[in-house]
Amino acid sequence: MTESSTPPTAGTRAARLRQPLARHVLEAVAVENGVCIRPLAMRTVNLVTGETETVPVPCGATLASKCPPCAERARKLRMAQCKAGWHLDDEPLPDPDPPTADAKTLVQLRADLEAVRTDAVTGHDVEQVADVDDLISQVDAALTDLGVRGKTAPDGRERPRRTRSTRRRQDAPDLPRLPVDRRTVGRTFTGSDGMVWRPSMFLTLTCDSYGRVTSEGTPVDPEGYDYRRAARDAIHFPKLVDRFWQNLRRAVGYDVQYFACLEPQRRLAPHLHAAMRGTIPRVLLRRVAAATYHQVWWPACDQPVYSADRLPVWDEQTGNYRDPDSGASLPTWDAALDAIGEDAEPAHVVRFGVQVRADGVTANSSTTGRLIGYLTKYLTKSLDACHDVATDAQRAHVERLAEALRFEPCSPTCANWLRYGVQPKNPKAGLLPGRCRGKAHRRETLGFGGRRVLVSRKWSGKTLADHREDRKTWVREQLAVLGYTGDEARGGQGGTSDRVVWQLLRPGDPAAPRREHLLLRAVADRNHWRAQLDAARAARAARGHPGPFSAVDPGMPRAA
(Lines give C-alpha, C1' and ligand atoms only; values in the text may rest on other atoms or scores of the structure.)
Protein backbone atom coordinates (compact mmCIF):
# COMPACT_ATOMS: atom_id res chain seq x y z
CA MET A 1 0.00 0.00 0.00
CA THR A 2 1.42 3.38 -1.00
CA GLU A 3 1.67 6.35 1.31
CA SER A 4 -1.02 8.30 -0.60
CA SER A 5 -3.55 5.47 -0.23
CA THR A 6 -2.96 4.88 3.47
CA PRO A 7 -6.10 5.78 5.44
CA PRO A 8 -5.61 8.57 7.98
CA THR A 9 -5.08 7.67 11.59
CA ALA A 10 -8.19 7.81 13.73
CA GLY A 11 -8.48 10.99 15.75
CA THR A 12 -6.37 13.08 13.41
CA ARG A 13 -7.55 16.17 11.57
CA ALA A 14 -7.48 14.32 8.24
CA ALA A 15 -9.74 11.62 9.66
CA ARG A 16 -12.18 14.20 10.99
CA LEU A 17 -12.31 15.98 7.62
CA ARG A 18 -13.32 12.72 5.95
CA GLN A 19 -16.41 12.52 8.12
CA PRO A 20 -19.46 13.91 6.25
CA LEU A 21 -21.10 17.03 7.59
CA ALA A 22 -24.58 16.58 9.01
CA ARG A 23 -25.84 19.36 6.75
CA HIS A 24 -24.54 17.56 3.67
CA VAL A 25 -26.16 14.31 4.81
CA LEU A 26 -29.46 16.15 5.23
CA GLU A 27 -29.20 17.62 1.72
CA ALA A 28 -28.38 14.19 0.28
CA VAL A 29 -31.47 12.72 1.95
CA ALA A 30 -33.57 15.60 0.61
CA VAL A 31 -32.28 15.03 -2.92
CA GLU A 32 -33.03 11.29 -2.71
CA ASN A 33 -36.58 12.08 -1.63
CA GLY A 34 -37.11 14.75 -4.28
CA VAL A 35 -37.30 17.56 -1.72
CA CYS A 36 -36.15 21.11 -2.49
CA ILE A 37 -32.82 21.84 -0.79
CA ARG A 38 -33.47 25.61 -0.72
CA PRO A 39 -37.04 25.83 0.61
CA LEU A 40 -38.73 29.14 1.24
CA ALA A 41 -40.39 29.77 4.58
CA MET A 42 -44.07 30.66 4.13
CA ARG A 43 -46.46 31.57 6.93
CA THR A 44 -50.11 30.57 6.56
CA VAL A 45 -52.72 32.50 8.53
CA ASN A 46 -56.21 31.08 8.89
CA LEU A 47 -58.56 34.07 8.80
CA VAL A 48 -61.30 32.11 10.62
CA THR A 49 -59.42 30.55 13.51
CA GLY A 50 -56.39 32.85 13.56
CA GLU A 51 -54.00 29.89 13.57
CA THR A 52 -50.61 30.36 11.94
CA GLU A 53 -48.14 27.82 10.61
CA THR A 54 -44.76 28.03 8.89
CA VAL A 55 -44.39 25.61 5.99
CA PRO A 56 -41.55 24.98 3.51
CA VAL A 57 -42.25 25.82 -0.14
CA PRO A 58 -40.02 24.68 -3.04
CA CYS A 59 -37.79 27.35 -4.53
CA GLY A 60 -38.75 26.44 -8.13
CA ALA A 61 -35.21 26.59 -9.55
CA THR A 62 -34.74 25.20 -13.06
CA LEU A 63 -30.97 24.58 -12.85
CA ALA A 64 -29.50 21.58 -11.04
CA SER A 65 -26.58 23.74 -9.87
CA LYS A 66 -29.05 25.60 -7.64
CA CYS A 67 -31.52 22.87 -6.63
CA PRO A 68 -31.42 19.40 -8.26
CA PRO A 69 -34.90 18.23 -7.11
CA CYS A 70 -36.68 21.37 -8.30
CA ALA A 71 -34.77 21.36 -11.59
CA GLU A 72 -35.64 17.72 -12.25
CA ARG A 73 -39.27 18.37 -11.36
CA ALA A 74 -39.37 21.26 -13.83
CA ARG A 75 -37.77 19.09 -16.53
CA LYS A 76 -40.32 16.31 -16.05
CA LEU A 77 -43.11 18.87 -16.26
CA ARG A 78 -41.70 20.06 -19.58
CA MET A 79 -41.55 16.44 -20.75
CA ALA A 80 -45.24 16.03 -19.91
CA GLN A 81 -46.03 19.24 -21.80
CA CYS A 82 -44.09 18.01 -24.83
CA LYS A 83 -45.85 14.64 -24.83
CA ALA A 84 -49.30 16.21 -24.42
CA GLY A 85 -49.17 18.18 -27.67
CA TRP A 86 -46.94 16.16 -29.99
CA HIS A 87 -49.44 13.72 -31.53
CA LEU A 88 -52.86 15.35 -31.18
CA ASP A 89 -55.72 14.19 -33.39
CA ASP A 90 -57.96 17.19 -32.69
CA GLU A 91 -57.38 20.92 -32.39
CA PRO A 92 -56.25 21.73 -28.83
CA LEU A 93 -58.04 25.08 -28.60
CA PRO A 94 -61.74 25.60 -29.36
CA ASP A 95 -63.00 28.51 -31.41
CA PRO A 96 -63.95 31.62 -29.39
CA ASP A 97 -67.55 31.98 -28.31
CA PRO A 98 -69.68 34.41 -30.33
CA PRO A 99 -69.97 37.88 -28.77
CA THR A 100 -72.97 38.56 -26.59
CA ALA A 101 -75.53 41.28 -27.20
CA ASP A 102 -74.21 43.30 -24.25
CA ALA A 103 -70.67 43.16 -25.66
CA LYS A 104 -71.88 44.36 -29.06
CA THR A 105 -73.76 47.23 -27.41
CA LEU A 106 -70.66 48.33 -25.52
CA VAL A 107 -68.51 48.18 -28.66
CA GLN A 108 -71.07 50.34 -30.45
CA LEU A 109 -70.86 52.84 -27.59
CA ARG A 110 -67.08 52.65 -27.85
CA ALA A 111 -67.29 53.53 -31.56
CA ASP A 112 -69.47 56.55 -30.80
CA LEU A 113 -67.03 57.74 -28.15
CA GLU A 114 -64.18 57.40 -30.66
CA ALA A 115 -66.04 59.69 -33.07
CA VAL A 116 -66.69 62.21 -30.30
CA ARG A 117 -63.04 62.17 -29.32
CA THR A 118 -61.95 62.75 -32.92
CA ASP A 119 -64.19 65.83 -33.11
CA ALA A 120 -62.84 67.11 -29.79
CA VAL A 121 -59.24 66.70 -30.97
CA THR A 122 -60.07 68.55 -34.18
CA GLY A 123 -61.63 71.38 -32.19
CA HIS A 124 -58.71 71.49 -29.72
CA ASP A 125 -61.08 70.93 -26.78
CA VAL A 126 -58.64 69.49 -24.22
CA GLU A 127 -61.19 69.11 -21.42
CA GLN A 128 -63.62 67.16 -23.61
CA VAL A 129 -60.79 64.88 -24.77
CA ALA A 130 -59.94 64.06 -21.16
CA ASP A 131 -63.61 63.36 -20.33
CA VAL A 132 -64.03 61.10 -23.36
CA ASP A 133 -60.84 59.21 -22.52
CA ASP A 134 -62.22 58.54 -19.05
CA LEU A 135 -65.46 57.18 -20.54
CA ILE A 136 -63.48 55.02 -22.98
CA SER A 137 -61.57 53.50 -20.04
CA GLN A 138 -64.86 52.69 -18.32
CA VAL A 139 -66.23 51.01 -21.45
CA ASP A 140 -63.05 48.94 -21.84
CA ALA A 141 -63.31 47.88 -18.20
CA ALA A 142 -66.95 46.86 -18.71
CA LEU A 143 -65.97 44.77 -21.74
CA THR A 144 -63.32 43.04 -19.67
CA ASP A 145 -65.91 42.26 -16.99
CA LEU A 146 -68.06 40.63 -19.68
CA GLY A 147 -65.22 38.27 -20.53
CA VAL A 148 -63.93 40.01 -23.67
CA ARG A 149 -60.20 39.56 -24.15
CA GLY A 150 -57.98 42.45 -25.15
CA LYS A 151 -59.12 45.94 -26.08
CA THR A 152 -61.08 47.26 -29.02
CA ALA A 153 -58.22 49.68 -29.80
CA PRO A 154 -54.70 50.11 -28.39
CA ASP A 155 -54.10 52.78 -25.76
CA GLY A 156 -51.22 54.31 -27.71
CA ARG A 157 -52.69 56.30 -30.57
CA GLU A 158 -49.40 57.45 -32.04
CA ARG A 159 -47.14 54.55 -32.89
CA PRO A 160 -44.16 55.69 -34.92
CA ARG A 161 -42.75 52.70 -36.72
CA ARG A 162 -39.48 52.42 -38.57
CA THR A 163 -40.00 50.35 -41.72
CA ARG A 164 -37.63 48.91 -44.28
CA SER A 165 -38.09 47.20 -47.58
CA THR A 166 -39.35 43.61 -47.29
CA ARG A 167 -37.66 42.62 -50.51
CA ARG A 168 -35.82 39.33 -50.11
CA ARG A 169 -32.08 39.20 -50.35
CA GLN A 170 -30.65 38.24 -53.72
CA ASP A 171 -28.49 35.51 -52.14
CA ALA A 172 -31.51 33.78 -50.54
CA PRO A 173 -33.68 31.34 -52.51
CA ASP A 174 -37.38 32.04 -52.91
CA LEU A 175 -39.99 30.12 -50.98
CA PRO A 176 -43.53 29.01 -51.82
CA ARG A 177 -46.15 31.13 -50.12
CA LEU A 178 -49.56 29.64 -49.34
CA PRO A 179 -52.47 31.02 -47.31
CA VAL A 180 -52.12 29.65 -43.80
CA ASP A 181 -55.12 27.60 -42.61
CA ARG A 182 -56.16 27.73 -38.98
CA ARG A 183 -55.59 24.01 -38.49
CA THR A 184 -52.66 22.75 -36.42
CA VAL A 185 -53.08 18.99 -36.89
CA GLY A 186 -50.98 17.28 -39.53
CA ARG A 187 -52.00 14.97 -42.36
CA THR A 188 -53.02 11.33 -42.03
CA PHE A 189 -51.74 8.41 -44.10
CA THR A 190 -53.46 5.07 -44.71
CA GLY A 191 -51.30 1.95 -44.87
CA SER A 192 -51.80 -1.05 -47.08
CA ASP A 193 -53.51 -2.83 -44.18
CA GLY A 194 -56.02 -0.01 -43.76
CA MET A 195 -54.40 1.41 -40.60
CA VAL A 196 -54.44 5.22 -40.41
CA TRP A 197 -51.24 6.98 -39.33
CA ARG A 198 -50.75 10.57 -38.24
CA PRO A 199 -46.96 10.98 -38.00
CA SER A 200 -45.07 13.91 -36.58
CA MET A 201 -41.42 14.97 -36.81
CA PHE A 202 -38.29 15.59 -34.75
CA LEU A 203 -36.28 18.46 -36.23
CA THR A 204 -32.70 19.58 -35.56
CA LEU A 205 -31.29 22.96 -36.66
CA THR A 206 -27.95 24.59 -35.96
CA CYS A 207 -25.89 27.62 -36.88
CA ASP A 208 -23.31 27.89 -39.64
CA SER A 209 -19.62 27.07 -39.30
CA TYR A 210 -17.15 29.67 -38.03
CA GLY A 211 -14.02 27.65 -38.77
CA ARG A 212 -12.74 24.10 -38.59
CA VAL A 213 -12.95 22.45 -35.17
CA THR A 214 -11.48 19.33 -33.62
CA SER A 215 -13.41 16.37 -32.23
CA GLU A 216 -13.56 18.06 -28.82
CA GLY A 217 -15.15 21.20 -30.31
CA THR A 218 -12.15 23.52 -30.18
CA PRO A 219 -10.93 25.51 -33.21
CA VAL A 220 -8.14 24.07 -35.32
CA ASP A 221 -6.95 27.63 -35.92
CA PRO A 222 -8.05 29.84 -33.00
CA GLU A 223 -6.74 32.98 -34.71
CA GLY A 224 -8.82 32.32 -37.83
CA TYR A 225 -11.96 31.29 -35.97
CA ASP A 226 -14.69 33.92 -36.42
CA TYR A 227 -15.65 34.58 -32.80
CA ARG A 228 -17.36 37.87 -33.64
CA ARG A 229 -19.81 36.19 -36.01
CA ALA A 230 -20.31 33.36 -33.52
CA ALA A 231 -21.19 35.88 -30.80
CA ARG A 232 -23.60 37.80 -33.02
CA ASP A 233 -25.28 34.63 -34.26
CA ALA A 234 -25.83 33.50 -30.67
CA ILE A 235 -27.32 36.87 -29.66
CA HIS A 236 -29.73 37.03 -32.61
CA PHE A 237 -30.49 33.31 -32.88
CA PRO A 238 -34.00 33.66 -31.31
CA LYS A 239 -35.02 36.03 -34.13
CA LEU A 240 -33.80 33.54 -36.70
CA VAL A 241 -35.82 30.75 -35.10
CA ASP A 242 -38.98 32.88 -35.10
CA ARG A 243 -38.46 33.70 -38.76
CA PHE A 244 -38.01 29.98 -39.57
CA TRP A 245 -41.39 29.02 -38.10
CA GLN A 246 -43.01 31.94 -39.89
CA ASN A 247 -41.54 30.88 -43.23
CA LEU A 248 -42.41 27.24 -42.62
CA ARG A 249 -46.06 28.02 -41.92
CA ARG A 250 -46.30 30.06 -45.08
CA ALA A 251 -44.62 27.32 -47.10
CA VAL A 252 -46.81 24.41 -45.92
CA GLY A 253 -50.09 26.31 -45.57
CA TYR A 254 -51.07 25.46 -41.97
CA ASP A 255 -50.23 26.62 -38.46
CA VAL A 256 -47.28 24.37 -37.61
CA GLN A 257 -46.90 23.80 -33.86
CA TYR A 258 -43.64 23.03 -32.12
CA PHE A 259 -41.97 22.32 -28.79
CA ALA A 260 -38.29 23.29 -29.08
CA CYS A 261 -35.33 23.36 -26.71
CA LEU A 262 -32.04 25.16 -27.24
CA GLU A 263 -28.68 23.70 -26.34
CA PRO A 264 -25.09 24.36 -27.44
CA GLN A 265 -23.11 22.07 -29.66
CA ARG A 266 -19.71 20.97 -28.49
CA ARG A 267 -18.27 23.89 -30.46
CA LEU A 268 -20.63 26.14 -28.38
CA ALA A 269 -22.80 27.17 -31.33
CA PRO A 270 -26.59 27.34 -30.74
CA HIS A 271 -28.32 24.06 -31.53
CA LEU A 272 -32.12 23.63 -31.67
CA HIS A 273 -34.11 20.42 -31.24
CA ALA A 274 -37.84 20.63 -31.93
CA ALA A 275 -40.77 18.25 -31.68
CA MET A 276 -43.05 19.28 -34.54
CA ARG A 277 -46.68 18.26 -34.95
CA GLY A 278 -47.47 16.89 -38.39
CA THR A 279 -45.16 15.73 -41.16
CA ILE A 280 -43.47 17.88 -43.79
CA PRO A 281 -41.27 16.70 -46.69
CA ARG A 282 -37.60 16.82 -45.72
CA VAL A 283 -36.73 18.55 -48.99
CA LEU A 284 -39.06 21.41 -48.10
CA LEU A 285 -37.67 21.66 -44.57
CA ARG A 286 -34.12 21.98 -45.88
CA ARG A 287 -35.30 24.49 -48.45
CA VAL A 288 -36.99 26.63 -45.80
CA ALA A 289 -33.94 26.45 -43.53
CA ALA A 290 -31.63 27.50 -46.39
CA ALA A 291 -33.92 30.41 -47.33
CA THR A 292 -34.41 31.68 -43.76
CA TYR A 293 -32.32 34.60 -42.54
CA HIS A 294 -32.58 37.52 -40.15
CA GLN A 295 -31.09 40.94 -40.91
CA VAL A 296 -29.95 43.11 -38.02
CA TRP A 297 -30.45 46.78 -38.91
CA TRP A 298 -28.27 48.37 -36.26
CA PRO A 299 -25.58 51.06 -36.40
CA ALA A 300 -22.13 49.86 -37.41
CA CYS A 301 -20.30 48.19 -34.53
CA ASP A 302 -17.23 46.68 -36.20
CA GLN A 303 -14.59 49.26 -35.22
CA PRO A 304 -14.48 50.69 -31.67
CA VAL A 305 -14.48 54.48 -31.43
CA TYR A 306 -13.55 54.72 -27.74
CA SER A 307 -11.24 52.67 -25.52
CA ALA A 308 -11.38 51.72 -21.86
CA ASP A 309 -9.23 54.73 -20.83
CA ARG A 310 -11.20 57.16 -23.01
CA LEU A 311 -14.95 56.77 -22.71
CA PRO A 312 -17.89 59.15 -23.28
CA VAL A 313 -18.85 61.34 -20.34
CA TRP A 314 -22.38 61.64 -18.92
CA ASP A 315 -23.89 65.13 -18.92
CA GLU A 316 -26.40 65.41 -16.10
CA GLN A 317 -27.97 68.63 -17.44
CA THR A 318 -28.82 67.36 -20.92
CA GLY A 319 -29.17 63.68 -20.06
CA ASN A 320 -26.79 62.69 -22.85
CA TYR A 321 -23.32 61.24 -23.24
CA ARG A 322 -20.65 63.55 -24.66
CA ASP A 323 -17.30 63.08 -26.34
CA PRO A 324 -14.54 63.42 -23.70
CA ASP A 325 -12.44 65.66 -25.98
CA SER A 326 -14.79 67.87 -28.00
CA GLY A 327 -17.76 67.79 -25.62
CA ALA A 328 -20.18 67.12 -28.48
CA SER A 329 -23.17 64.92 -27.73
CA LEU A 330 -23.06 61.42 -29.16
CA PRO A 331 -25.74 60.51 -31.71
CA THR A 332 -28.89 59.21 -30.08
CA TRP A 333 -30.18 55.75 -30.89
CA ASP A 334 -32.95 57.06 -33.14
CA ALA A 335 -30.56 59.40 -34.92
CA ALA A 336 -28.11 56.56 -35.53
CA LEU A 337 -30.89 54.43 -37.05
CA ASP A 338 -32.04 57.35 -39.21
CA ALA A 339 -28.50 57.64 -40.55
CA ILE A 340 -28.69 54.14 -42.05
CA GLY A 341 -29.40 54.71 -45.73
CA GLU A 342 -31.76 52.74 -47.92
CA ASP A 343 -28.85 51.23 -49.84
CA ALA A 344 -26.86 50.33 -46.73
CA GLU A 345 -26.09 46.75 -45.78
CA PRO A 346 -27.37 45.29 -42.51
CA ALA A 347 -24.98 45.17 -39.58
CA HIS A 348 -25.31 41.39 -39.45
CA VAL A 349 -27.17 38.56 -41.17
CA VAL A 350 -27.95 35.37 -39.24
CA ARG A 351 -28.43 32.08 -41.12
CA PHE A 352 -28.75 28.40 -40.39
CA GLY A 353 -26.00 25.95 -41.27
CA VAL A 354 -26.30 23.02 -43.63
CA GLN A 355 -26.92 20.57 -40.77
CA VAL A 356 -30.67 20.03 -40.96
CA ARG A 357 -32.03 16.71 -39.75
CA ALA A 358 -35.68 15.64 -39.70
CA ASP A 359 -36.96 12.26 -38.46
CA GLY A 360 -40.51 10.98 -38.58
CA VAL A 361 -42.15 9.84 -35.33
CA THR A 362 -45.50 8.17 -34.70
CA ALA A 363 -47.58 8.33 -31.54
CA ASN A 364 -47.20 4.62 -30.77
CA SER A 365 -43.49 4.54 -31.60
CA SER A 366 -41.09 3.17 -29.00
CA THR A 367 -38.73 6.06 -29.72
CA THR A 368 -41.18 8.80 -28.69
CA GLY A 369 -40.23 8.71 -25.03
CA ARG A 370 -36.54 8.48 -25.85
CA LEU A 371 -36.74 11.51 -28.13
CA ILE A 372 -38.59 13.55 -25.48
CA GLY A 373 -35.83 12.71 -23.01
CA TYR A 374 -33.21 13.64 -25.59
CA LEU A 375 -35.02 16.90 -26.28
CA THR A 376 -35.00 17.96 -22.62
CA LYS A 377 -31.76 16.37 -21.42
CA TYR A 378 -29.89 19.67 -20.86
CA LEU A 379 -32.70 21.75 -19.38
CA THR A 380 -31.32 21.34 -15.85
CA LYS A 381 -27.90 22.69 -16.85
CA SER A 382 -26.69 26.13 -17.81
CA LEU A 383 -25.53 26.40 -21.40
CA ASP A 384 -21.86 26.53 -20.51
CA ALA A 385 -22.17 23.33 -18.44
CA CYS A 386 -23.90 21.16 -21.06
CA HIS A 387 -20.52 19.82 -22.21
CA ASP A 388 -17.48 19.08 -20.11
CA VAL A 389 -14.71 21.66 -20.29
CA ALA A 390 -11.72 19.55 -19.30
CA THR A 391 -8.79 20.56 -21.50
CA ASP A 392 -6.88 23.81 -21.76
CA ALA A 393 -8.03 24.20 -25.39
CA GLN A 394 -11.67 23.93 -24.34
CA ARG A 395 -11.25 26.44 -21.54
CA ALA A 396 -9.49 28.85 -23.89
CA HIS A 397 -12.29 28.43 -26.43
CA VAL A 398 -14.89 29.39 -23.84
CA GLU A 399 -12.84 32.36 -22.69
CA ARG A 400 -12.41 33.71 -26.24
CA LEU A 401 -16.15 33.43 -26.92
CA ALA A 402 -16.97 35.08 -23.59
CA GLU A 403 -14.57 37.93 -24.40
CA ALA A 404 -16.23 38.43 -27.81
CA LEU A 405 -19.66 38.51 -26.14
CA ARG A 406 -18.49 40.97 -23.50
CA PHE A 407 -18.24 43.94 -25.88
CA GLU A 408 -20.86 42.89 -28.46
CA PRO A 409 -24.09 44.95 -28.29
CA CYS A 410 -26.97 42.72 -27.23
CA SER A 411 -29.91 45.12 -27.55
CA PRO A 412 -30.71 48.78 -28.30
CA THR A 413 -30.29 49.56 -24.58
CA CYS A 414 -26.91 47.83 -24.26
CA ALA A 415 -24.13 49.92 -22.69
CA ASN A 416 -21.65 48.60 -25.28
CA TRP A 417 -22.99 51.08 -27.84
CA LEU A 418 -20.97 53.79 -26.10
CA ARG A 419 -17.83 51.98 -27.24
CA TYR A 420 -18.91 52.50 -30.86
CA GLY A 421 -19.84 56.18 -30.50
CA VAL A 422 -23.63 55.76 -30.19
CA GLN A 423 -25.84 56.47 -27.22
CA PRO A 424 -27.95 53.46 -26.25
CA LYS A 425 -31.69 53.72 -26.20
CA ASN A 426 -32.99 55.35 -23.00
CA PRO A 427 -29.51 56.28 -21.70
CA LYS A 428 -28.76 56.81 -18.04
CA ALA A 429 -25.76 57.64 -15.90
CA GLY A 430 -23.21 54.99 -15.02
CA LEU A 431 -23.21 52.95 -18.24
CA LEU A 432 -19.86 51.33 -18.99
CA PRO A 433 -18.98 49.26 -22.08
CA GLY A 434 -18.20 45.67 -21.18
CA ARG A 435 -20.41 45.77 -18.08
CA CYS A 436 -23.88 45.42 -19.56
CA ARG A 437 -26.16 43.40 -17.31
CA GLY A 438 -27.97 41.79 -20.22
CA LYS A 439 -28.47 38.05 -20.03
CA ALA A 440 -26.64 37.51 -23.32
CA HIS A 441 -23.34 38.68 -21.80
CA ARG A 442 -23.33 36.12 -19.00
CA ARG A 443 -20.88 33.29 -19.31
CA GLU A 444 -23.49 30.65 -18.48
CA THR A 445 -25.73 31.68 -21.42
CA LEU A 446 -23.03 31.71 -24.16
CA GLY A 447 -24.69 34.73 -25.76
CA PHE A 448 -28.22 33.33 -25.86
CA GLY A 449 -30.47 35.78 -24.04
CA GLY A 450 -33.81 34.19 -24.87
CA ARG A 451 -35.83 31.36 -23.35
CA ARG A 452 -34.42 27.84 -23.29
CA VAL A 453 -37.79 26.25 -24.10
CA LEU A 454 -39.81 27.59 -27.04
CA VAL A 455 -43.42 26.38 -27.21
CA SER A 456 -45.99 27.52 -29.77
CA ARG A 457 -49.25 28.87 -28.40
CA LYS A 458 -51.44 26.06 -29.71
CA TRP A 459 -49.17 23.19 -28.78
CA SER A 460 -51.26 21.51 -26.07
CA GLY A 461 -53.94 24.11 -25.40
CA LYS A 462 -52.60 24.50 -21.86
CA THR A 463 -50.07 26.63 -20.11
CA LEU A 464 -47.34 25.21 -17.92
CA ALA A 465 -49.46 26.11 -14.89
CA ASP A 466 -52.35 24.09 -16.36
CA HIS A 467 -50.12 21.02 -16.74
CA ARG A 468 -48.93 21.48 -13.17
CA GLU A 469 -52.54 21.64 -12.01
CA ASP A 470 -53.29 18.40 -13.91
CA ARG A 471 -50.70 16.64 -11.79
CA LYS A 472 -52.24 17.99 -8.60
CA THR A 473 -55.63 16.82 -9.82
CA TRP A 474 -54.20 13.34 -10.39
CA VAL A 475 -52.95 13.25 -6.79
CA ARG A 476 -56.29 14.41 -5.41
CA GLU A 477 -58.17 11.78 -7.41
CA GLN A 478 -55.84 9.07 -6.12
CA LEU A 479 -56.20 10.19 -2.51
CA ALA A 480 -59.97 10.52 -2.79
CA VAL A 481 -60.18 6.73 -2.39
CA LEU A 482 -59.07 7.14 1.21
CA GLY A 483 -61.47 10.03 1.78
CA TYR A 484 -58.67 12.57 1.73
CA THR A 485 -59.77 15.93 0.38
CA GLY A 486 -56.70 18.02 1.16
CA ASP A 487 -55.13 19.83 4.04
CA GLU A 488 -57.65 22.52 4.85
CA ALA A 489 -55.27 24.14 7.25
CA ARG A 490 -53.03 25.11 4.38
CA GLY A 491 -55.86 26.11 2.11
CA GLY A 492 -54.25 24.87 -1.07
CA GLN A 493 -56.23 21.69 -1.66
CA GLY A 494 -59.37 21.76 0.43
CA GLY A 495 -61.20 24.63 -1.19
CA THR A 496 -60.47 27.04 1.69
CA SER A 497 -57.83 29.17 0.00
CA ASP A 498 -60.07 32.22 0.37
CA ARG A 499 -59.84 31.87 4.16
CA VAL A 500 -56.07 31.40 4.31
CA VAL A 501 -53.42 34.05 3.69
CA TRP A 502 -49.88 33.15 2.63
CA GLN A 503 -46.98 35.36 3.71
CA LEU A 504 -43.33 35.00 2.67
CA LEU A 505 -40.91 35.25 5.56
CA ARG A 506 -37.95 37.32 4.43
CA PRO A 507 -34.38 36.48 5.49
CA GLY A 508 -33.69 38.03 8.85
CA ASP A 509 -37.29 37.72 10.02
CA PRO A 510 -37.21 36.52 13.66
CA ALA A 511 -40.09 34.17 12.92
CA ALA A 512 -38.29 32.48 10.02
CA PRO A 513 -36.93 29.05 11.01
CA ARG A 514 -33.47 27.91 10.02
CA ARG A 515 -33.07 26.23 6.66
CA GLU A 516 -32.11 22.93 8.26
CA HIS A 517 -35.39 22.81 10.18
CA LEU A 518 -37.31 23.59 6.98
CA LEU A 519 -35.49 20.75 5.22
CA LEU A 520 -36.31 18.29 7.98
CA ARG A 521 -39.96 19.34 7.86
CA ALA A 522 -40.06 19.04 4.07
CA VAL A 523 -38.52 15.53 4.13
CA ALA A 524 -41.04 14.40 6.73
CA ASP A 525 -43.92 15.85 4.72
CA ARG A 526 -42.73 14.15 1.54
CA ASN A 527 -42.50 10.75 3.26
CA HIS A 528 -45.98 11.23 4.73
CA TRP A 529 -47.46 12.20 1.35
CA ARG A 530 -45.77 9.30 -0.41
CA ALA A 531 -47.18 6.86 2.15
CA GLN A 532 -50.66 8.30 1.59
CA LEU A 533 -50.29 8.06 -2.17
CA ASP A 534 -49.02 4.47 -2.04
CA ALA A 535 -51.93 3.50 0.19
CA ALA A 536 -54.41 5.17 -2.18
CA ARG A 537 -52.95 3.45 -5.23
CA ALA A 538 -53.04 0.10 -3.45
CA ALA A 539 -56.69 0.68 -2.53
CA ARG A 540 -57.53 1.55 -6.12
CA ALA A 541 -55.78 -1.54 -7.40
CA ALA A 542 -57.71 -3.69 -4.92
CA ARG A 543 -60.98 -2.24 -6.19
CA GLY A 544 -60.00 -2.72 -9.82
CA HIS A 545 -59.57 0.99 -10.59
CA PRO A 546 -56.01 1.72 -11.75
CA GLY A 547 -56.73 5.43 -11.74
CA PRO A 548 -56.35 8.18 -14.35
CA PHE A 549 -53.06 9.46 -15.70
CA SER A 550 -51.28 6.27 -14.72
CA ALA A 551 -48.32 7.33 -16.90
CA VAL A 552 -47.66 10.40 -14.74
CA ASP A 553 -44.66 10.06 -12.45
CA PRO A 554 -46.14 9.70 -8.94
CA GLY A 555 -43.08 11.32 -7.43
CA MET A 556 -43.71 14.58 -9.26
CA PRO A 557 -46.97 16.01 -7.88
CA ARG A 558 -47.38 17.22 -4.35
CA ALA A 559 -50.38 16.64 -2.15
CA ALA A 560 -50.09 20.12 -0.71
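Start by selecting Leu-268, which sits in the loop between E6 and E7. Keep in mind as you look around that this is a predicted model. Leu-268 has a positive phi of about 75°, although it is not a glycine. Is Leu-268 buried or exposed? It's buried, because its relative accessible area is 12%, and the cut-off for buried is under 20%.

Now jump to another residue with a positive phi. Asn-426 is not a glycine either, and its phi is about 55°. You'll find Asn-426 in the loop between H10 and strand E13 (453–455). Asn-426 counts as exposed, because its relative accessibility is 61% and exposed means over 50%.

**Zoom out**

Show the whole chain as a cartoon. Along its principal axes, the C-alpha trace spans about 85 × 75 × 70 Å. Of the 560 residues in the chain, 40% are buried. Look at contacts with a separation of 6 or more, too: residues 24 or more positions apart account for 74% of them.

In soluble globular proteins, nonpolar side chains tend to be buried together. Here, the largest nonpolar core has 61 residues, and those with the most contacts inside it include Leu-203, Phe-237, Trp-245 and Leu-248. To see where this core comes from, colour the elements that give it two or more residues: strands E5 (200–206), E6 (258–264) and E7 (270–276), plus helices H6 (227–252), H7 (282–291), H8 (333–338) and H10 (392–406). Which of them gives the most to this core? That's H6, with 12 residues.

Next, click on Leu-248. Which residues does Leu-248 touch, once you leave aside its neighbours within four places in sequence? They are Val-256, Met-276, Ile-280, Leu-285 and Val-288. Apart from this core lies another one, of 13 residues, with Cys-82, Ala-275, Leu-371 and Val-453 among them.

**A three-stranded sheet**

Select E1, E2 and E14. Together they form an open sheet of 3 strands in the order E2-E1-E14, with antiparallel pairing. E2 and E14 (500–504) stand at the edges with a single partner strand each, so one side of each has no neighbour in the sheet. From one strand to the next, the twist averages 30°.

Zoom in on the pairing of E1 (residues 40–46) with E2 (residues 52–57): 6 bridges join these antiparallel strands. Show side chains to find Arg-43 opposite Thr-54, then Thr-44 opposite Glu-53. H12 packs on this sheet, touching E1 and E2, and its direction makes about 85° with that of E2. The hairpin of E1 and E2 has 5 residues between the strands, and Gly-50 in it takes a positive phi near 80°.

**Last stop: two helices**

Finish with H11 (residues 464–479) and H12 (residues 515–543). Their axes come within 8 Å and cross at roughly 65°. H11 passes H12 in a left-handed crossing. What classes of residue make up the contact of H11 with H12? Colour by class and you'll get 4 nonpolar, 2 polar and 3 charged residues.

Methods
Residues are numbered from 1 along each chain as its sequence is written. Side-chain values use heavy atoms; hydrogens and water are left out. Two strands pair if DSSP finds at least two bridges between them. Helices (H or I, at least four residues) and strands (E, at least two) are DSSP runs, numbered from the N terminus. A nonpolar core is a set of buried Ala, Val, Leu, Ile, Met, Phe, Trp, Tyr and Cys residues joined through side-chain atoms within 4.5 Å. Buried means under 20% relative accessible area, exposed over 50%, partly exposed in between (1.4 Å probe, protein chains only). Contact means heavy atoms within 4.5 Å. Axes are lines fitted to C-alpha atoms, for helices over the stretch in contact, and angles run from 0 to 180 degrees between N-to-C directions. A crossing is left-handed if the near helix is turned anticlockwise from the far one by less than a right angle, and right-handed if clockwise. Ala, Val, Leu, Ile, Met, Phe, Trp, Tyr, Cys and Pro count as nonpolar, Asp, Glu, Lys and Arg as charged, and the others, Gly among them, as polar.
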